[in-house]
Amino acid sequence: MSSAMGVLHILAGKMTLDSLFFVKVWHNPTISEVIAGGAGGLVVLGAIVTFGLITLLGKWRYIWTEWMTSLDHKKIGIMYMILAVIMLSRALIEAMLMRVQQAVAVDHPGLLSPDHFGQLFTTHGTIMIFFVAMPLLAGLINFAMPLQIGARDVAFPYMNSISLWMTVGGGILLMASLVFGEFSTGGWSGYPPYTELAFNGGVGPDYWIWAVTLSSVGAMLTGINFAVTIYKFRSPGMRWMRLPLFTWTSFCTAILMIFAMPPLTVATLLLAADRYLGMHFFTNALGGNMMNFVNLFWLFGHPEVYILILPAFGVYSEVVATFSAKALYGYTSLVIATVVITLLSFTVWLHHFFTMGQSAPINAAFGIATMAIGIPTGVKIYNWIWTMFRGEVRFTTPMLFSLAFMVTFVLGGATGIILATPPVDFMVHNTLFLVAHFHNMLIPGTLYGMIAGYYYWFPKAFGFRLSEAWGRIAFVCWVLGFYLAFMPLYVLGLAGAARRTQEFFDPAYRPWLIIALLGALLIGAGFLSLAIQLWVSIKARHANSVPVGDPWDAWGLEWSIPAPPPEYNFAVLPHVGGRDAFYWRKKNNTAYKPADRYHDIEMPKHSMCGVVVGLATTACFFGLVWHMWWLAFAGFAVTVGTVIARSFMRDVTEIIPAAEVEAHHRHWLEMATASLPIPRPLELTPENEGLAKCPK
Amino acid sequence: MSEVREPELRHAGLNLADKPREVREQLESDVFGFWVFLMSDAVIFALLFSIYGTMESATAGGPVPQHEFKISSAFWETALLLTSSFAYGMVSLSLKHTRRLVWPALWLGVTFCLGAGFLNLEVHDFLTMFHDGATPERSGYFSSFFVLVGTHGLHVFSGLTWILLMGVQMALFGLDQRTRINLIRLGLFWHFLDIIWVVIFSVVYLGALAR
Amino acid sequence: MNMSPSQKRDFATYGIGYLLAVVLTLGSFACVFFRLLPQSGTLIVVFTLAFVQVLVHLRCFLHMSPFRRAARDDLLLLLFSAAIIMLIVGGTLVILFNERARMM
């Protein structure tokens, strides 16, 4: 008996029956636990339904060979987006739950226990940053950037797949925490000593550590991939100052990922060293110093803000130029502003901990550096405004989101300047004012941009346009919802409401909290409208198809190929003679001409190594969370083994014969010739087949 | 980027000049990408160094580095790793100038032995310190010391594993393009580790012993 | 074994690098071992020698060069990384030492 228990203990580690979500509800059937258990049940049910459906439809082979093992940057980009949408749905539900709790918990304990509430704001933040915003931008860059620079793929397609599956693995760990055990209550920043073993002996902080580690390593590798791709794989003639602006912002984002992810990895791994090996980096005893963690975390955290925002700036630059039918105003100044923001972002991290106790001159220096970042950002806003000036502006969904961004982001920036003043920050730090501020930056600065980019490039990825009507409904919900949800938080923050609070005691807060709840629900409706938009658009895909590939009369190289693009992107690598290459080709009537000669194209073969590495690492980390040392070891062994085995494979590419490339290209050219050129005002009608009529 | 280049030491033996553009781009970016990775790794070491710096006085009443570090073993470790870096230089040189497998394989073996010697000394050092009660659990100072130097040691260990694997690959595939690229990357890695070690012996060992 | 001129040149690069590195290493170890200078002086000499040795390794083993066009990508990358590293290491030390001083 006891030896059987011993074996079980070795197999299950710290996991017991009480760790399972339904057992916890059984033991303690409060509303809070029932909600938590319901979430766990939803995860299990979702998994069962998904697996069941795939099996019923017999789609496993298709999903495995066409998607999971694919090294195609476009498919990897799309998979990133799918991950982001799944995680977004969870994090949004959590946000609404927190708003409900705070709205009812004035002088009343409300629905959720403090511990549950702590898990909610921790997972909400962790998911939104690492598993929504990061995959969204990684997905968008993966899809669009190689097309924009005229490349066939990213520099390291196999590593791209590893990055994707590591990020997916982090998402799996977060979902697993709903089913097995609990998540951290230490906030998305996970400050020790609270997250140390002495105060938090459970598995929560461990889940946080390993999920974030997976994401940060994946993002660092992605950064290397993007930077090298842009540095070395631009098509002939694509000089630096001819790059589309989205590519520029992708490049700067990649640089930030390369240099800003390591501090996060160091922070989480040193915390793990404290928790697993009894070391004293951030403990209270024996020489530990938690301020080191805060410093490390924000060395990552501040550049991270620009990792999140820069790609959206790139999207806005593309969208505003396209839908104003004008070349970007002040291209050079936009590029300089982007680069300056990138560099300055490494000089301001201290403004996240003005109150930690350093002297006033140090605070002042970082405060001034922070305000300085406002300047290049302001330059950009003017650039976009002047781009629209006297342009042929069409208020399509992405354009509407861009406009909402400009107004809202400037508001948020103004509150940022307020917060950058250390004495003011001392008054409002750790209040809902701060929460309002960063949501005010990240929702327009990242999410709106990603939605705009999604709508803008969707026809390129799938060959049909999204429903405009539902896009506008989503727009109204997102923007109105944002203002309703977050403007009250400024008021509450100034009135002294602390963030991350499970229960308030001032009845004057209640009306504002209720307005904020309404806003959150409206944002939820916005998400739902996007889902309906996708459903409606898929149903109407034949009416809205744009196979020729240029539905918006846009100017970048990505629009010069069919929609959806072939695996190798370009039948012949384009030669670029100036900025906005495709515009000039349309203008000179050379956009839809066959090439003189077609060549064989060498593309990477599909590979299961990326999936195996990513998921084995996840298994290893799951084992570490629960002290299942056998699983940790097995996961590690499989990871290393796969990496080594892959290095012995020599037959990793396949040849697409020139004849096949030529046939495909000629077929597309015939389609372009047969299509009706559509002038810009009619681009939202079903007549649009993706061939734009270029006004002379 | 398109001008014709002399064969160079930094792309030893690849003879980039006579390859078509796309192949050349791929080869160059393979090496360049590894450089970028190393820089990211350098940031990790830089952070570990700065944490070590902030923890220098955090011995918490336990053992102090002046008594735990031995200048002789630090010196011999340095000598071994430095010489191994030179030995790897000979690998690159023979890759560039001969078509035969023997020389690179031989020098790779020398590199491996020197690196293994280094690691052996380091582990021995660590065990002695453990015996004295200078363990990572004892104080913040020794946590930061063991993680900083241990991370370097782990890198050396993976470098040694990599050398072994390259040996097997050379036996299996000869000096094909992939093997050559990986040998170049391994070289960057190995020289990089030596640079990190220069900073470690100066800042950590000599810095503490000078007091 | 008779060597071609380019072979000789390449060999010389590594040889000189190794020689310089050995001399610099011996210098800093000797400085500490024989206690040639007062403490702060020793530290300054050791750190300076380390810095020079890092440059030697970069030049002779990693073939960094400001003069050859082909090496410029790597050099730019290295300089940029060095700048970022100085920023974060310098910033960290300033902040943390300032905090320690204020807690004393």
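Q: How many helices and strands does chain C have?
A: Helices (H or I, at least four residues) and strands (E, at least two) are DSSP runs, numbered from the N terminus. Chain C has three helices and zero strands, in the order α-α-α along the sequence. This is a predicted model, in which local features need pLDDT of at least 70 and side-chain atom pairs count only at pLDDT 80 or more, while totals for chains, interfaces and linings use all residues. Residues are numbered from 1 along each chain as its sequence is written, and chains are lettered from A and ligands numbered from 1 in the order in which they are written.

Q: What radius of gyration does chain C have, beside that of a compact globule?
A: The radius is taken over C-alpha atoms, and the globule rule is 2.2 Å times the number of residues to the power 0.38. For 104 residues a compact globule would come near 13 Å, whereas chain C has 19 Å; its C-alpha atoms fill a box of roughly 65 × 40 × 15 Å along the principal axes.

Q: At what angle do the axes of α10(A) and α15(A) cross?
A: Axes are lines fitted to C-alpha atoms, for helices over the stretch in contact, with angles from 0 to 180 degrees between N-to-C directions. Helix α10 (residues 290–324) of chain A and helix α15 (residues 432–462) of chain A come within 8 Å and cross at roughly 45 degrees. That makes α10(A) oblique to α15(A) (under 35 degrees is roughly parallel, over 145 roughly antiparallel, 65 to 115 roughly perpendicular, and the rest oblique).
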